[in-house]
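Trainee: Could you walk me through reading this structure, one feature at a time?
Mentor: Gladly; ask away once it is on the screen.

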Amino acid sequence: MAEDWQQGGFGLYIHWPFCEAKCPYCDFNSHVSRTIDQRAWRDAYLSELQRAADETPGRVLNAVFFGGGTPSLMDPDVVADIISAIRGHWPTANDLEITLEANPGSVEAGRFAAYRQAGVSRVSMGIQALNDADLKRLGRLHSAQEAMIAFDTARSSFDRVSFDLIYGRQDQTAAQWKAELKQALSLAIDHISLYQLTIEQGTAFGDRYARGKLSGLPDEDLGADMFAMTQDICNEMGMPAYEVSNHARDGAQSRHNLIYWRYGDYIGIGPGAHGRITLKGQKLATVAYSNPQRWLDGVSKCESEKPRAMISRSEQATEFLLMGLRLKEGVDLNRYAAIAGHEIDQNAVNHLQDIGMAAREGDRLIVSDQGVIVLNAVIETLLP
Ligand SMILES: C[S@@+](CC[C@H](N)C(=O)[O-])C[C@H]1O[C@@H](n2cnc3c(N)ncnc32)[C@H](O)[C@@H]1O
Ligand code: SF4
């Protein structure tokens, strides 16, 4: 019998934990290090890949994602060795997608060609803003023009290049965002990620915010207006959302991220990487140690991961909703019932439909545009 994860696919995430500088808003596991022994890192990834492959022989791999940090700081040779090891370990889907995240400040023209040569098929670039003043406030090392050049360079090597923008920035008006978004969409090929700025605890912005020193952030109403406007403009320009913050033309969705949202299985390799992997019929959560040196030292002793946790059926059902309801396609309620061991709460579904927060389409439950803004509350309503 097919296991549930097969409905979401199988992916591999590789975390590169280094950046040239730490952006003040960012709480990803990213570190600035003056020296990086690329060989040692390559060997560690290769050894972890072997370990992961031994546990999951014969599975068809749908997607690989080099995330960070700034994976465009990896030597292309290291990326090439990793990809060739991956291809040796698992059978791959015909349309295997291999994405690499790039920072426009850390790429030279030659690198993109070398990543392409290594087997990367898609680039996701963190551009964040299209004007220099805002880039500076976001602590970025590149100018808008440098970002454009990097984007064009990436395009000359790859058919699939996506980029990220952050909106809801300090002192940004709705009109300014509208103009910038239109410009961005005129540049975009077939995929773009649009994130509302989140103030994360433990970041430089988080500290400044706590001290009342981060002025000009949008209030809840302006944030909601900006989100709604973003959806309208993207729809008009043929780049509808397929997930809360991700927009694509038909067929250009990120296959790797879809594995998360469709609650497939994925291996996470590298400092702080998370995984979800079904072994002997039991879904497990894996988390690697996040300190880069701790992880690197741990790999040689087979101690790169924290103890694994079994995910109970009810936890799986919750995760399935948390991930799946982010998607425009929603979730299959039959699949929910199979995971949870019981049907979803019909009264809660009816209530959400009555107040316009969600809709049923056949066997699927789909959160409405208004519902997405309060997604956590919607999901809470559905949980037993
Ligand atoms: C791991 S970074 C990707 C790429 C690369 N490191 C870079 O910054 O160019 C992933 C993306 O998350 C988004 N992001 C990170 N922190 C955020 C925050 N606090 N609020 C909103 N978006 C954020 C940014 O758009 C960023 O490009
Ligand atoms: S946003 Fe990107 S470049 Fe900046 S610290 Fe985070 S991971 Fe590094």
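Trainee: Does Y263 count as buried or exposed, and at what relative accessibility?
Mentor: Buried means under 20% relative accessible area, exposed over 50%, and partly exposed in between, with a 1.4 Å probe and protein chains only. Y263 counts as buried because its relative accessibility is 3%. Before we go on, this is a predicted model: local features need pLDDT of at least 70, side-chain atom pairs count only at pLDDT 80 or more, and totals for chains, interfaces and linings use all residues. Residues are numbered from 1 along each chain as its sequence is written, chains are lettered from A and ligands numbered from 1 in the order in which they are written, and side-chain values use heavy atoms, with hydrogens and water left out.

Trainee: What is the phi of Y263, and where does Y263 lie?
Mentor: Y263 has a positive phi of about 55°, although it is not a glycine. Helices (H or I, at least four residues) and strands (E, at least two) are DSSP runs, numbered from the N terminus. With those labels, Y263 lies in the loop between α9 (255–261) and β9 (265–269). C302 also has a positive phi of about 55° and is not a glycine; its loop runs between α10 (292–300) and β12 (309–310). C302 counts as exposed, because its relative accessibility is 61%.

Trainee: How many disulfides does a search of the whole structure find?
Mentor: A disulfide is a covalent bond between the sulfur atoms of two cysteines. The test used here is a pair of cysteine sulfur atoms within 2.5 Å, and the search of the whole structure finds 0. As for burial, C234 is buried, with a relative accessible area of 0%, and C26 counts as buried at 15%.

Trainee: Which residues come nearest to ligand 1?
Mentor: A residue is near a molecule or strand if one of its heavy atoms lies within 4 Å of it. Of the 18 residues around ligand 1, the nearest are G69, Q128, R140, D164 and T198. G69 is found in the loop between β2 (61–68) and α2 (76–89), and the peptide bond from G68 to G69 is cis, with omega near 20°. β3 (92–102), β4 (122–128), β5 (160–167) and β6 (191–196) each supply at least two residues of the ligand 1 shell.

Trainee: What polar atoms face ligand 1 at R140 and T198?
Mentor: A side-chain N or O atom of R140 is 2.8 Å from an oxygen atom of ligand 1. At T198, a polar backbone atom is 2.9 Å from a nitrogen atom of the ligand. The protein covers 93% of the 570 Å² of accessible area that ligand 1 has on its own, using the Shrake-Rupley method with a 1.4 Å probe; for residues, only the protein chains shown count as cover.

Trainee: Which residues surround ligand 2?
Mentor: Among them are C19, K22, C26, G69 and R140.

Trainee: How do β10 and β11 pair?
Mentor: Strands of a sheet pair through backbone hydrogen bonds, either parallel or antiparallel. Two strands count as paired if DSSP finds at least two bridges between them. β10 (residues 274–279) and β11 (residues 282–287) are antiparallel over 6 bridges, and I277 has L284 in β11 as its bridge partner. The two strands form a hairpin with 2 residues between them, and K280 in the turn has a positive phi of about 50°.

Notes. A polar contact is a pair of N or O atoms within 3.5 Å; within protein, one must be able to donate a hydrogen and the other to accept it, and residues adjacent in sequence count only if both atoms are side-chain atoms.
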